[in-house]
Amino acid sequence: MGLLDSLLGQVAGQMFGGGTQQPQQGGMADLGGMASVLGGLLADNGQYGGLGGLASKFEQAGLGSAMNSWIGTGQNENVSGDQLHQALGDDVVSGLASKLGMNASTLLPLLVTMLPTIIDKLTPHGKVPAQGVGSQNDLIASLDNILRG
């Protein structure tokens, strides 16, 4: 079972109280699409200027300790969907949701579950690599491998 399957199962459990009902996946069936969207968010040439830029955005939103825990080697701090929405902003959340063919209320639980794990895997030594995490094209390939896990 890949990382995405595992995360979707966790989100479904949270959304539906552990029942057997599954959320509508919409664009989520395309792992490449998810990798592409996350690549745009995390890539050095993406809208935030890479993982370091995204970390700065989280710091401004009061979530610096959470982002630092994701980058670091210890346990990842949890954030809520509302906190993540505040850090990313309406335009980014709406844009990501639209690209994936879902609404923000479906996307945010996925991101809350996925981002800490993905950022943790992109920073295995507990810090943002000096050379960054790569261009969007390089990062998409890495994310696709992580998601397929």
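Residues here count as buried when their relative accessible area is under 20%, exposed when it is over 50%, and partly exposed in between, using a 1.4 Å probe and protein chains only. The model is predicted, with local features needing pLDDT of at least 70 and side-chain atom pairs counting only at pLDDT 80 or more, while totals for chains, interfaces and linings use all residues. Residues are numbered from 1 along each chain as its sequence is written, and side-chain values use heavy atoms, leaving out hydrogens and water.

## The chain as a whole

Let us begin with the overall layout. The chain holds 8 helices and 0 strands, so named because helices (H or I, at least four residues) and strands (E, at least two) are DSSP runs numbered from the N terminus. Read from the N terminus, the order of elements is α-α-α-α-α-α-α-α. Of the 149 residues in the chain, 46% are buried. A contact means heavy atoms within 4.5 Å. Among contacts in the chain with a separation of 6 or more, 68% join residues 24 or more positions apart.

How many aromatic pairs does a search of the whole structure find? The search finds 1. The partners are Phe 58 and Trp 70, in an edge-to-face arrangement with 5.5 Å centre to centre and 70° between the planes. Phe 58 sits in helix H3 (residues 50-60) and Trp 70 in helix H4 (residues 64-71), 12 residues apart, and the pair links distant parts of the chain. Phe 58 counts as buried because its relative accessibility is 0%. Trp 70 is buried too, at a relative accessible area of 1%.

Gln 60 lies in helix H3 and is exposed, with a relative accessible area of 66%. Its C-alpha atom is separated by 7.7 Å from that of Ala 87, 27 residues apart along the chain. After H3 comes Gly 62, whose phi is positive, near 80°.

Axes are lines fitted to C-alpha atoms, for helices over the stretch in contact, and angles run from 0 to 180 degrees between N-to-C directions. Nonpolar covers Ala, Val, Leu, Ile, Met, Phe, Trp, Tyr, Cys and Pro, charged covers Asp, Glu, Lys and Arg, and the others, Gly among them, are polar.

| Helices | Axes and angle | Residues in contact, by class |
|---|---|---|
| H3 and H4 | 7 Å apart, about 145° | 7 nonpolar, 1 polar, 1 charged |

Pro 116 deserves a visit. This proline is in helix H7 and counts as buried at 7% relative accessibility. Leaving aside neighbours within four places in sequence, Pro 116 is in contact with Trp 70, Asn 76 and Leu 111.

## The nonpolar core

A nonpolar core is a set of buried Ala, Val, Leu, Ile, Met, Phe, Trp, Tyr and Cys residues joined through side-chain atoms within 4.5 Å. Which members of the largest one touch the most others? Of its 40 residues, they are Leu 38, Leu 41, Phe 58, Met 67 and Leu 88. H7 gives the most to this core, with 9 residues. Not counting residues up to four places away in sequence, Leu 38 touches Leu 111, Met 114, Leu 115, Ile 118 and Leu 143.

Note on methods:
Rings of Phe, Tyr and Trp (its six-membered ring) pair if their centres lie within 6.5 Å; planes under 30 degrees apart count as stacked, over 60 as edge-to-face and the rest as tilted.
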